[in-house]
Amino acid sequence: QDKPLAGRIAVVTGASSGIGAASAKLLAQKGAKVAVLARRKDKLAQLVEEISAAGGTAIAIEVDVTDQESVDKAAAKVVTTFGRADLVFNNAGVMLPGAIEERKLEEWDSQIDLNVTGLMRVIHAFIPQLTQAAAEGATVDLINTSSIAGQYIYPYFAVYSATKAYVSHLTRHMRVELGAKNVRVSMIEPGIVATELQGHVTFQGAKDWLANAKETIEFLQPEDVAQVVGFLAGLPKHVNLQQVVVMPTKQG
Ligand code: NDP
């Protein structure tokens, strides 16, 4: 089938770069109408242009997921533009490794506020649309971006890893609860992906570790993870692949 996601209405957070941008493109290519959400308007506008030029349908919505009102407004805008969403890729996140002893409360806070509470704000805003879509008989997906860091133990990644462990465990619970209503809930746990994510790191120990990893490992590309998103969304309605770990082949 050329457009397996035709008729689907997708929302992608963290869509202005990296995994979110690549996934928005792929979902549009597969026929979904896509709302792309992030803070950087210019990047979103560029993405919408690219998707439109390739024959897809997309709308940019400027959103700060640390602000519930902003996310709620975006949810309303999706409905007035496309109708209720049936696919939410809950993907915005930030990674700020650091030694616990440095006590960078601001970096702890921003990771928790984006990766945990931000993810919850998106769930809060879009759950009514997803359950409505399911009640109408649509195939429905909530896909959360977790990380292999949610399972593995790395020095200096305690706070980030804990936020992702939260995402993974939340997903397992929500799947059971919402699956009963025909809403599929899944998570993707990637290893290292070449995106802007590493660019925000301030801690030298982690910068060195990442620089060394880059020399020895061919990182995943955002498009590799986008393929997983497309695969999950394209599964038959009765199949919910709960958890996908996708690693660079050489990453241990
Ligand atoms: P990027 O930094 O490229 O993407 C992060 C996205 O989140 C951007 O689009 C950014 O957009 C958005 N974002 C950040 N803050 C906010 C905010 N307050 N409100 C709305 N959007 C926000 O990195 P990735 O693509 O790698 O990251 C995507 C997800 O993948 C994250 O959850 C990350 O933890 C996870 N991940 C990444 C891995 C990697 O190695 N790259 C590995 C495992 C998981 P903007 O700044 O425009 O708002």
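**View 1. Aspartate 141 meets its bridge partner in β6, arginine 184.** This is a predicted model, where local features need pLDDT of at least 70, side-chain atom pairs count only at pLDDT 80 or more, and totals for chains, interfaces and linings use all residues. Numbering starts from 1 along each chain, as its sequence is written. Strand β5 (residues 140–145) and β6 run parallel and share 6 bridges; strands pair if DSSP finds at least two bridges between them. To get from β5 to β6, the chain goes through helix α5 (residues 158–179), a right-handed β-α-β crossover. Right-handed here says that, with the strands pointing away from the viewer, the path from the first strand over the helix to the second runs clockwise. Helices (H or I, at least four residues) and strands (E, at least two) are DSSP runs, numbered from the N terminus.

**View 2. Strand β6 (residues 183–190) has 8 of its 8 residues buried.**

**View 3. The ligand sits among 31 surrounding residues.** Gly14, Gly18, Arg39, Arg40 and Gly93 are the closest; a residue makes the shell if its C-beta atom, placed from the backbone, lies within 6 Å. Helix α1 (residues 18–29) gives the largest share, 3 residues. As for confidence, the predictor puts the complex at an ipTM of 0.99 and a pTM of 0.98.

Methods
A residue is buried if 20 or more other C-beta atoms lie within 10 Å of its own, exposed if 12 or fewer, and partly exposed in between; C-beta atoms are placed from the backbone.
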